[in-house]
Amino acid sequence: MISSIFGKTKPINYILILSFLFVFYWFTVFILYSIPYNSTTIFTQIGVLGVLLFMVFIINFIVKRNKITSDHSYTILFFTLLILVFPEILLDNYSIVCSFFLLLALRRLLSIKSLQSIKIKIFDASMWIAVASLFYDWAILFLILVYITIYLYNPKNIRNWIVPLIGVATVFLISSAILILAQHPDYILNHYKFTVSTTSEYLLEWRHSIRLITYVFAVLVLIVITFIKLSNSGQGRINTIRLINIFFLIGITITLLNSNHEISPILMTFFPASVFMSNYIETIKKPNIKEMALIASIIIPFIILMIRFI
């Protein structure tokens, strides 16, 4: 039944996913975590929720445009289910907005495989990463992905290696001008601290985080399975999966480097994780087993959610 609904791209899939995210967002914010609210916070939450819902469309667009998976809606389904596993990310507005801009950057980087307007796409991706870093300083590490993309597709053009610096400088200059007008001239200097927590308490927190360890281990296994499956595929698709894999690894690194003892930056990794989950589901040929796997992937996040709060 689930495979018959999400096994194809239908408008009903968007309705189901967006409706669930809408309800679950407000349920998490005001019931699970009992966040106090007023007219100002409500207005902010509506804006952030709009960004979160729009991410679903961007994810589906990236997957379909680059033919990362077959024609189905499993990727947006898994993206939503991962939010159930880590509901606390919905409390971090910066994490949601940062992840949104990183998806815009990834969209431009993946489109470079067409080898058209390469410099413009590099500039756009670098600019979006710089904007994302205004919300999480460590997000600037995704510039590594830009340079890896350049190396994979057009490394001989020296100008390509300079363009990312121009994109970042453009964002910082515009941001500085706006901040000066807003009477916050020191924001950028105070924001980019790149602090790393090395306390034993922090390390022990991650060591005993069963959700995080299980999640990372499962995705790494799926990455191996995906690359084995694509061993006979064309170089273009393999490069796309490589970039998505690096996107995941950088996101996990940023999550571990977060000095606020929060797990919310892990939202950055949900898109690549969803892609690898979708590719794994595609490898299951028997309909009954595929249906059971999909049912389990839906039930398990709800069980984890209930165990966490009951």
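Reply: Helices themselves are DSSP runs (H or I, at least four residues), numbered from the N terminus. On that basis, the axes of helix H3 (residues 39-65) and helix H4 (residues 74-85) come within 9 Å and cross at roughly 145°. Before we go on: this is a predicted model, where local features need pLDDT of at least 70, side-chain atom pairs count only at pLDDT 80 or more, and totals for chains, interfaces and linings use all residues. Residues are numbered from 1 along each chain as its sequence is written, and side-chain values use heavy atoms, with hydrogens and water left out.

Me: What is the hand of the crossing of H3 and H4, left-handed or right-handed?

Reply: Right-handed. The rule looks at how the near helix is turned from the far one: anticlockwise by less than a right angle is left-handed, clockwise is right-handed.

Me: Which residues of H3 and H4 meet?

Reply: A contact needs heavy atoms within 4.5 Å. From H3 there are Leu52, Met55, Val56, Ile59, Asn60 and Val63, and they meet Thr75, Ile76, Phe79 and Ile83 in H4. By class, the contact of H3 with H4 has eight nonpolar residues, two polar and no charged. The classes are simple lists: Ala, Val, Leu, Ile, Met, Phe, Trp, Tyr, Cys and Pro are nonpolar, Asp, Glu, Lys and Arg are charged, and the others, Gly among them, are polar.

Me: Why is H7 called roughly antiparallel to H8?

Reply: H7 and H8 pack at an angle of about 155°, their axes being 9 Å apart. That angle makes H7 roughly antiparallel to H8, given these cut-offs: under 35 degrees is roughly parallel, over 145 roughly antiparallel, 65 to 115 roughly perpendicular, and the rest oblique. The crossing of H7 and H8 is right-handed. Leu143, Val146, Tyr147, Ile150 and Tyr151 in H7 meet Asn160, Trp161, Pro164, Leu165 and Val168 in H8. That contact of H7 with H8 divides into nine nonpolar residues, one polar and no charged.

Me: And what makes H11 and H13 oblique to each other?

Reply: Helix H11 (residues 210-229) packs against H13 at an angle of about 55°, with the axes 9 Å apart. H11 and H13 are therefore oblique to each other. Their crossing is left-handed. Among the residues of H11 in this contact are Tyr215, Val219 and Leu222, while H13 brings residues including Phe270, Ala273 and Phe276. The contact of H11 with H13 counts 10 nonpolar, three polar and two charged residues.

Me: How do you know that the span of H13 agrees with its 14 residues?

Reply: The expected span is 1.5 Å times one less than the number of residues. For helix H13 (residues 270-283) that should give 20 Å, and its end C-alpha atoms are 20 Å apart, which agrees. Helix H6 (residues 118-133) can be checked likewise: with 16 residues, H6 reaches 23 Å from its first C-alpha to its last, close to the 22 Å expected at 1.5 Å a residue.

Me: What makes H13 mostly covered?

Reply: In H13, 12 of its 14 residues are buried, where buried is under 20% relative accessible area, exposed is over 50% and partly exposed is in between (1.4 Å probe, protein chains only). The buried residues of H13 include Phe271, Val275 and Ile281.

Me: Why does Ser95 count as buried?

Reply: Ser95 has 0% relative accessibility, so it counts as buried. Ser95 lies in helix H5 and touches Tyr136, Ser264, Pro265 and Leu267, not counting residues up to four places away in sequence.

Me: Why is Ile5 partly exposed?

Reply: At 25% relative accessibility, Ile5 counts as partly exposed. Ile5 sits in helix H1 (residues 2-6). Leaving aside neighbours within four places in sequence, Ile5 is in contact with Lys10, Asn13 and Leu16.

Me: Why is Lys67 called exposed?

Reply: Lys67 has a relative accessible area of 65%, so it is exposed. Lys67 is in the loop between H3 and H4, and it has a positive phi of about 55° although it is not a glycine. Most residues other than glycine have a negative phi.

Me: What about Ser34, buried or exposed?

Reply: Ser34 counts as exposed, at 51% relative accessibility. Ser34 is in the loop between helix H2 (11-32) and H3, and its phi is near 50°, a positive value in a residue other than glycine.

How values were computed
Helices (H or I, at least four residues) and strands (E, at least two) are DSSP runs, numbered from the N terminus. Axes are lines fitted to C-alpha atoms, for helices over the stretch in contact, and angles run from 0 to 180 degrees between N-to-C directions.
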